[in-house]
Structures are given as structure tokens and as C-alpha cells.
Amino acid sequence: MRSSVIPSDLPDEVDQLIFNRLHTDEKMFEAVLAFHRTKPIPKINVPANHGKFLSFLIRMMGAKHILEVGTLAGYSTVWMAKDLPADGKVTTIDFDENHIKIAEQTFAMTNMQDKIRLMHGRAVECLESLLKEKKAGLIPSFDFIFIDADKENNPIYLDYCVELAHSGTVIVADNMVRDGKVITEDDKAPNIRGIRQYFQKLQEDPRLDSTALQTIGHKGWDGFAITMVK
């Protein structure tokens, strides 16, 4: 098969086509992004089509109990919470006080606060707390888990998430390609080292069945790792 050179602006144009044709009724999310643009936060939220993809996965699975590692300002959190049943809930974790405040406002403006549990603290500490709650019978295992935080700690987060899961739980990790740096860069960058170690764990853990999908769009070249717990 011949290789082809993709014009640099073409993925952006395709994304815009997707948004214009398939996301026309999602004014709530446009309002959320407009609100976030007024705040001093990095523009690293998932694109709308990725948020809808997460929502589709949750709806197709019939998942009720969702875990998110890395809230930022709550954009992806709202996507995952919006179609949950009355007894469903997203538990989301972030350590940054500024992000927490903006996320709380986001959940209030979208009337999602009752569907979301926002945990403030270092992810490992919060995951440890959740594991204790699970062992005490205070919370159920999670049906769907989205990991989108500091990549250098992804392997640690995966260990906790597997313990918080059940057979059939789906774990999605974002930003697993990083413009191909997972191949081209050496292990000196902590985030690239974390991504490679995450892939290694997926390969070696007999409890996990995994694949990965590359993505391209207005946020560049990246991808998801998608895992099912056996």
C-alpha cells in the first residue's frame, strides 16, 4: 500500500465536518467550552467527538459506575455522566484546586452535580481510598474507567484500576501515541516512559485483553488504549 502525505489542515477540516453534521444538538457542551475559555486552564480537554465516543461506550455497555482519573475542568466528565441512569454516578479525581473549582461550576451549570462525585487529592491517594471503600462494601466495582491524567503515573493508576474493576470492566487510557513520540523518543521523558510501561503492563497482565486506536484531528496525532478486564 502506498503511503500518503496528509495536508496539515485536512484533519482539522474533517473534524469540523463531523462537528457541523453530527454535533449540532449539543449546545450544552459548546456552552461548557465557552465557559472554560474564560478560565486560566490548559486547552487539553478531549475533543467533542472523543467525548461522544466515551458516552457511546458507556451507553452500549449499560455501565452505571464510572471512574475518571484526571478531571481537569470536567468536560469529559459531563460527557460520561449525561446519559447515566438515576442510579449511575461518575467518580472523578483531580488534585489541582483551581481545576476543582472550575469543575464544580461546570457540573452546576449542566445540572450534573448529583451524578458526579468529585474527589480532591493526589490520584494515588484517592484510588487507595476508593479501594478501601470497595473492600469495605461501601462502593461497587467500576464498570468503565477513563484514565487521562499525568502519563508518567499511568502504570500505577492501571494497577489500582484493575483492583477497582470487575470482569467485563472497560478501561480507556487517553494520549497513548503523542505524535508518535511513544516510538521516536527515548525513555528520558517521564510521560513517554509511563506510556511505554503502560503498554508493557497491558501485554504482560493475563487479566487484561487490550488494543489501541490511533486518532488524528484538530488536536493532532494521538490515540486510545482500550482494555477489557477478563
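The model is predicted: local features need pLDDT of at least 70 and side-chain atom pairs count only at pLDDT 80 or more, while totals for chains, interfaces and linings use all residues. Residues are numbered from 1 along each chain as its sequence is written, and side-chain values use heavy atoms, with hydrogens and water left out.

## The chain as a whole

The chain contains nine helices and seven strands. Both are DSSP runs numbered from the N terminus: helices are H or I with at least four residues, strands are E with at least two. Along the principal axes, the C-alpha atoms fill a box of roughly 55 × 40 × 35 Å. The radius of gyration of the chain is 17 Å, which agrees with the value near 17 Å for a compact globule of 230 residues. That radius is taken over C-alpha atoms, and the globule rule is 2.2 Å times the number of residues to the power 0.38.

Of the 230 residues, 47% count as buried. Here buried means under 20% relative accessible area, exposed means over 50%, and partly exposed lies in between, with a 1.4 Å probe and protein chains only. Contact means heavy atoms within 4.5 Å. Among contacts between residues at least 6 apart in sequence, 70% join residues at least 24 apart.

## The sheet

The seven strands form an open sheet with mixed pairing, in the order E3-E2-E1-E4-E5-E7-E6. Strands E3 (116–120) and E6 (208–217) stand at the edges with a single partner strand each, so one side of each has no neighbour in the sheet. From one strand to the next, the twist averages 15°. Two strands count as paired if DSSP finds at least two bridges between them.

| Strands | Direction | Bridges |
|---|---|---|
| E1 and E2 | parallel | five |
| E5 and E7 | antiparallel | four |
| E6 and E7 | antiparallel | ten |

Strand E1 covers residues 65–69 and strand E2 residues 89–94. Histidine 65 has lysine 89 in E2 as its bridge partner, and leucine 67 stands opposite threonine 91 in E2. Five of the six residues of E2 are buried, so this strand is largely enclosed by the rest of the structure.

At the other end of the strand order, a hairpin joins E6 to E7 through two residues. Threonine 211 stands opposite isoleucine 226 in E7, and alanine 173 stands opposite alanine 225 in E7. E7 is mostly covered, with seven of its ten residues buried.

## Helices against the sheet

Helix H3 (residues 48–61) lies across E1, strand E4 (142–147), strand E5 (165–173), E6 and strand E7 (220–229), and runs at about 165° to E4. Axes are lines fitted to C-alpha atoms, for helices over the stretch in contact, and angles run from 0 to 180 degrees between N-to-C directions.

Helix H9 (residues 190–204) has 15 residues and reaches 21 Å from its first C-alpha to its last, close to the 21 Å expected at 1.5 Å a residue. The expected span is 1.5 Å times one less than the number of residues. Its buried residues are Ile192, Gly194, Ile195, Tyr198 and Leu202. They cover an arc of only 160° around the axis, which puts them on the same side of H9. This arc is that of the directions from the helix axis to the C-beta atoms. Gln203 and Glu204, on the other side of H9, are exposed. The cover over the buried residues of H9 includes E4, helix H7 (154–163), E5, helix H8 (181–184), E6 and E7.

Helix H5 (residues 97–109) has 13 residues and reaches 19 Å between its first and last C-alpha, close to the expected 18 Å. Its buried residues are His99, Ile100, Ile102, Ala103, Thr106 and Phe107. What covers them includes helix H2 (27–36), helix H4 (75–81), E2 and E3.

## Aspartate 94

Aspartate 94 lies in strand E2. This residue counts as buried, at 9% relative accessibility. Aspartate 94 and methionine 119 are 25 residues apart in sequence, and their C-alpha atoms are 6.5 Å apart in space. Leaving aside neighbours within four places in sequence, aspartate 94 is in contact with Gly70, Thr71, Leu72, His99, Ile100, Met119, His120 and Gly121. Two of these, His99 and Ile100, are among the buried residues of H5.
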